[in-house]
Amino acid sequence: MSTSSKWKDLPTEAINPASVELDKASTEEIVQLMLSEDGKVVASVQRERARIAMAADLLTSALRKGGRLFFVGAGTSGRLGVLEAAEMTPTFSTPSSLVQAVMAGGRGAFFQAREGVEDNYEEGARSIARLRPTRRDVLVGVSASGMTPFVRGALSRARRNGVRIIFVTCWPGTELQTFVDVVIAPSVGPEVIAGSTRLKAGTATKIVLNMLTTIAMVRMGKTYGNLMVDLTTGSEKARDRARRIVTTVTGLDHEEAEVLLRQARWNVKAAIVMQKTGQPCAGALARLREAHGSVRAAIGEDVEPRPRASFRSR
């Protein structure tokens with residue numbers, strides 16, 4: 001029978017002195033307490049900014065060379081990885097194979113917790129082996145405690161294949177510092193409910209993952225300024241956004257933008273290049289390929305003056 005706990009000294013399991021009387025507090029007091037604690041999250045991520053930048057550059061380099069991105073996690077950490085991967089295609093038109101998420105317990109565990117699956121080191125290793133990772137790929141392991149066996153199994157198997165590894169955790173003392181390429185470890189402090197890492201740890205992790213993917217996509221030419229020029233247009237909301245982007249960049253009115261987008265098969269980048277260069281859709285796409293997907297490089301024009309002019313006119 002075990003007489004000690006390997007988790008008791010982890011910061012994610014610590015008792016928060018500010019919330020020891022949580023069940024006696026009023027609703028308004030709990031709101032204020034949680035706001036106060038959440039206010040510490042951004043500062044904890046801010047302290048990791050150099051490592052975040054290093055990891056984002058590593059990820060960008062890998063994707064430019066044809067590599068893939070894998071998120072691996074369990075519980076809240078796993079769900080955050082799934083969420084990040086799912087948003088890449090509609091936001092940036094990436095193929096579903098480019099950014100993938102592996103969660104302990106499989107797809108069903110996203111909607112309903114499956115206790116115990118996070119303890120399976122071997123299944124973590126198998127889950128990565130099934131993806132046939134290569135040296136071109138990057139794996140982002142996500143574990144608030146830094147101890148999750150499923151994630152550690154995945155990291156070990158990925159390392160055997162030469163995969164570059166980014167580890168996101170809320171345990172700054174993790175011994176994996178020397179095993180992975182970059183550790184990002186925001187120190188958020190103990191949770192309002194001790195051990196409930198869906199709270200501050202989850203918020204910090206979400207911020208970090210948002211930054212990694214967003215920076216990589218921007219560096220790969222998926223935006224023009226801050227405009228989402230590589231979005232998919234499968235919904236009316238997305239098509240409306242596409243029209244507004246084209247009108248902002250080109251000065252065309254709503255109806256003219258619609259006609260141009262239809263000619264470009266609703267490819268926003270192609271539509272912009274077509275209008276700016278006078279080339280047909282095929283020529284615009286070829287020009288974008290030569291510019292590695294960058295609208296700015298394809299047309300040699302800055303977008304910033306137009307949005308700024310619209311701000312001044314309001």
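Of the chain's 314 residues, 45% count as buried, meaning under 20% relative accessible area, with exposed over 50% and partly exposed in between (1.4 Å probe, protein chains only). This is a predicted model, in which local features need pLDDT of at least 70 and side-chain atom pairs count only at pLDDT 80 or more, while totals for chains, interfaces and linings use all residues. Residues are numbered from 1 along each chain as its sequence is written, and side-chain values use heavy atoms, with hydrogens and water left out.

**Overall form**
- The chain has 13 helices and 5 strands; these are DSSP runs (helices H or I, at least four residues; strands E, at least two), numbered from the N terminus.
- The C-alpha trace spans about 75 × 50 × 35 Å along its principal axes.
- Among contacts (heavy atoms within 4.5 Å) between residues at least 6 apart in sequence, 64% join residues at least 24 apart.

**Surface and charge**
- Accessible surface comes to about 16,200 Å², and carbon and sulfur atoms hold 52% of that. Areas come from the Shrake-Rupley method with a 1.4 Å probe.
- There are 44 positive and 32 negative side chains. Lys and Arg count as positive, Asp and Glu as negative; His and the chain ends are not counted.
- The centres of the two charge sets lie 8 Å apart, with charges placed at NZ of Lys, CZ of Arg, CG of Asp or CD of Glu.

**Nonpolar cores**
- The largest nonpolar core has 35 residues. Such a core is a set of buried Ala, Val, Leu, Ile, Met, Phe, Trp, Tyr and Cys residues joined through side-chain atoms within 4.5 Å.
- Elements supplying at least two residues each include α1 (27-46), β1 (69-73), α3 (75-92) and α7 (200-219).
- L63 and L69 are among the residues with the most contacts inside this core.
- A second, separate core has 29 residues, including Y224, V273, M274 and I299.

**L63 and L69**
- Beyond four places in sequence, L63 touches R68, L69, L98, A216, M217 and M220.
- L69 sits in strand β1 and is buried at 2% relative accessibility.
- Contacts of L69 beyond four places include L59, L63, L98, V138, V140 and T213.
- L69 and Q100 are 31 residues apart along the chain, yet their C-alpha atoms are separated by 6.3 Å.

**E84**
- E84 belongs to helix α3 and is buried, with a relative accessible area of 3%.
- The side chains of E84 and N210 make a polar contact of 3.1 Å. This term covers N or O pairs within 3.5 Å; within protein, one atom must be able to donate a hydrogen and the other to accept it, and residues adjacent in sequence count only if both atoms are side-chain atoms.
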